[in-house]
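Here's a quick briefing to read with the model open. Take a look at the structure first, then work through the points below.

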Amino acid sequence: MRNFVSIAALSLGGLWIAGCGGGDDACASAAFPGAPAGAKGSLYVSADCPATGADGTKDHPFSKISDAIARSNAGDAILVAAGTYEENLAIDHDLSIVGPSTKGKKGDDAGIILQSPSPDAIVATSGDVTLTGFDVSGAAGVGVFAKGGAVTFVESKVEHTKSANGTAY
């Protein structure tokens, strides 16, 4: 009986780790969009998953988009589960960040809700960046700033942000 209990405990421990957050149903059931054609690699993000033990795989996604950006390489895709992300994003290489969206909705049902704690929500300093399924709203500064990089929006929207002189756009 003792061997059986030990084996069961190990199996449960393995399931707990593989379940992304110790049985957290929201994390284990995270739905990710597909990678765009031509992506060199993929990293995964879900706001419902814990940061502890995250490695960017589908089984252990990062909890923050910025963590995935830091670990990504040029040409990668970051696949993001629907959720609210309170962070700022700085991007300095070719990258696609993809969240759930519906073609033709123009971001009205975007799955990535980005709430910026600092003035500029997303800053691209170099590279070609594609943002799919984003809703950037209420940034104290610029919603998306292409400062040396090129940014393409797909089924995304930016609203209720302010420029340095206080003008909303």
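Predicted model: local features only at pLDDT ≥ 70, side-chain atom pairs only at ≥ 80, totals over all residues.

Residues are numbered from 1 along each chain as its sequence is written, and side-chain values use heavy atoms, with hydrogens and water left out.

**Thr-132 and its strand**
- Thr-132 sits in strand β8, residues 128–132 (strands are DSSP runs of E with at least two residues, helices are runs of H or I with at least four, and both are numbered from the N terminus).
- With a relative accessible area of 13%, Thr-132 is buried (buried is under 20%, exposed over 50%, partly exposed in between, using a 1.4 Å probe and protein chains only).
- Strand β8 runs parallel to β11, and five bridges join them (two strands pair if DSSP finds at least two bridges between them).
- Leu-131 has Phe-153 in β11 as its bridge partner.

**The sheet**
- Five strands make an open sheet in the order β1-β2-β5-β8-β11, with parallel pairing.
- Its edge strands are β1 and β11 (150–154), since each pairs on one side only.

**Side-chain pairs**
- There is one aromatic pair.
- The rings of Phe-32 and Tyr-44 have centres 5.0 Å apart and planes at 75°, so they count as edge-to-face (rings of Phe, Tyr and Trp, the last by its six-membered ring, pair with centres within 6.5 Å; planes under 30 degrees apart are stacked, over 60 edge-to-face, the rest tilted).
- Phe-32 lies in the loop between α2 (25–28) and β1 (42–45) while Tyr-44 is in strand β1, so the pair ties together parts twelve residues apart in sequence.
- Phe-32 and Tyr-44 are both buried.
- The salt bridge count is one (a side-chain nitrogen of Lys or Arg within 4 Å of a carboxyl oxygen of Asp or Glu).
- Glu-159 forms a salt bridge with Lys-157, with the closest N and O atoms 3.6 Å apart.
- Glu-159 is partly exposed, at 28% relative accessible area.

**The whole chain**
- The chain has three helices and twelve strands.
- Of its 169 residues, 39% are buried.
- Among contacts with a separation of 6 or more, 45% come from residues 24 or more positions apart.

Methods: Contact = heavy atoms within 4.5 Å.
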